[in-house]
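Okay, thanks everyone for coming. Let me put the structure up, and then I'll walk you through a strand, some charged pairs and a pocket.

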Amino acid sequence: MSEALDSLLDLLDLERIEQDIFRGQSRSAVVPRVFGGQVAAQALVAAGRTVPADRGAHSLHSYFLRPGDPGAPIVYNVDRIRDGRSFTTRRVVAVQHGKPIFHLSASFQVYEEGMDHQTVMPHAPDPETLETTEEMLHRYVDRFADPRLADRLAEARAAVDLRYVDAPPFATAGQPREPRSQVWFRTRGKLADDPLLHVCMATYVSDMTLLDSVLLAHGRGGWSVGDVVGASLDHAMWFHRPFRADEWLLYDQDSPSSSGGRGLGQARIWTADGKLAITVIQEGLVRVPRD
């Protein structure tokens with residue numbers, strides 16, 4: 001297991017300070033705020049630790065309310081909304097400096113058999129044939145507003161082996177493309193056999209690239225290039241089938257719309273053997289900087 005993955009696992013291992021109150025640490029992100037995937041994953045950890053072990057997460061719906069301070073811990077308050085025979089619902093509010101910065105509702109279900117169908121997995125090349133994030137970032141270092149961003153981005157993603165199928169937005173800035181992006185990802189090391197951990201890890205990664213497809217539609221390179229400013233506004237996920245975040249997962253993303261300073265990204269996450277594991281939808285603030 002890599003040192004970076006060890007550090008990420010420590011970040012997700014929240015401290016319980018009361019029965020339904022948890023505290024998580026933050027760490028510096030590439031942008032001057034807490035990475036949204038971190039807050040979402042930590043909130044799901046807090047919710048999951050108040051739920052019986054036989055109930056797995058099947059959906060989450062969340063809103064990013066304020067930028068998080070990476071220099072301060074985050075307190076997660078869990079409300080036990082419902083404990084039914086099959087479903088359990090939790091609400092989590094993340095607080096910093098006395099103000100809510102993030103709100104999450106999550107639902108958990110006892111496993112049961114039922115009708116089963118799915119759409120067909122899209123084609124994608126073998127992830128082992130693709131260059132790593134580190135190789136790609138340093139190949140396009142001249143595209144960044146600050147060349148040091150390549151190292152900072154590589155460090156921020158060091159716990160995850162993330163590989164783009166096609167060139168990312170910052171590599172083709174100025175050239176509008178089809179609003180679709182594919183990446184393969186897995187953690188850089190084996191994870192424990194805890195379904196909640198794998199769900200939380202996928203939640204963490206899901207906020208890294210989802211709005212790329214919005215940028216591609218308009219030939220924008222993103223905040224690292226300096227031609228867009230933005231932030232995640234909301235995030236929703238549905239967990240359909242079991243998966244492991246330490247095995248290759250295909251993140252197939254597209255954007256059906258952008259307007260009013262907001263862009264919508266939607267995606268499906270597939271296991272390497274073709275099972276539809278997760279559906280993700282996110283709206284983000286996407287603004288062109290004013291001169």
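So, strand 7, residues 160-164: five of its five residues are buried, so the strand is largely enclosed by the rest of the structure. Buried here means under 20% relative accessible area, exposed means over 50%, and partly exposed is in between, with a 1.4 Å probe and protein chains only. Strands are DSSP runs of E, at least two residues, and helices are runs of H or I, at least four, numbered from the N terminus.

Before I go on: this is a predicted model, where local features need pLDDT of at least 70 and side-chain atom pairs count only at pLDDT 80 or more, while totals for chains, interfaces and linings use all residues. Residues are numbered from 1 along each chain as its sequence is written, and side-chain values use heavy atoms, with hydrogens and water left out.

Back to the strand. In a regular strand the side chains alternate between the two faces of the sheet. Here Val160, Leu162 and Tyr164 sit on one side, Asp161 and Arg163 on the other, and both faces are covered. Its antiparallel partner is strand 8, residues 180-187, over five bridges; pairing takes at least two DSSP bridges. Val160 stands opposite Thr187 there.

Now the charges. How many salt bridges does the structure hold? There are 17, counting a side-chain nitrogen of Lys or Arg within 4 Å of a carboxyl oxygen of Asp or Glu. Take Asp13 and Arg49, with their closest N and O atoms 2.8 Å apart. That pair links distant parts of the chain, 36 residues apart: Asp13 is in the loop between helix 1 and strand 1, Arg49 in the loop between helix 2 and strand 3.

Next, Asp83 and Arg90 also form a salt bridge, at 2.9 Å between the closest N and O atoms. Asp83 is partly exposed at 48% relative accessibility, whereas Arg90 is buried at 0%. And Asp193, Arg244 and Asp246 are linked in a network.

Last, the second largest pocket, with about 1,100 Å³ of space. A pocket is an open set of points on a 1 Å grid over the protein atoms alone, where a 1.4 Å probe fits, with protein on both sides within 12 Å along at least five of seven lines; lining residues have an atom within 4 Å of a point. Of its 32 lining residues, those closest to the centre are Tyr111, Phe239, His240, Arg241 and Pro242. Strand 3, strand 6 and helix 5 each give two or more residues to the lining.

Note on methods: Grid points are joined across faces, edges and corners, and a volume is the space filled by probe spheres set on the points.
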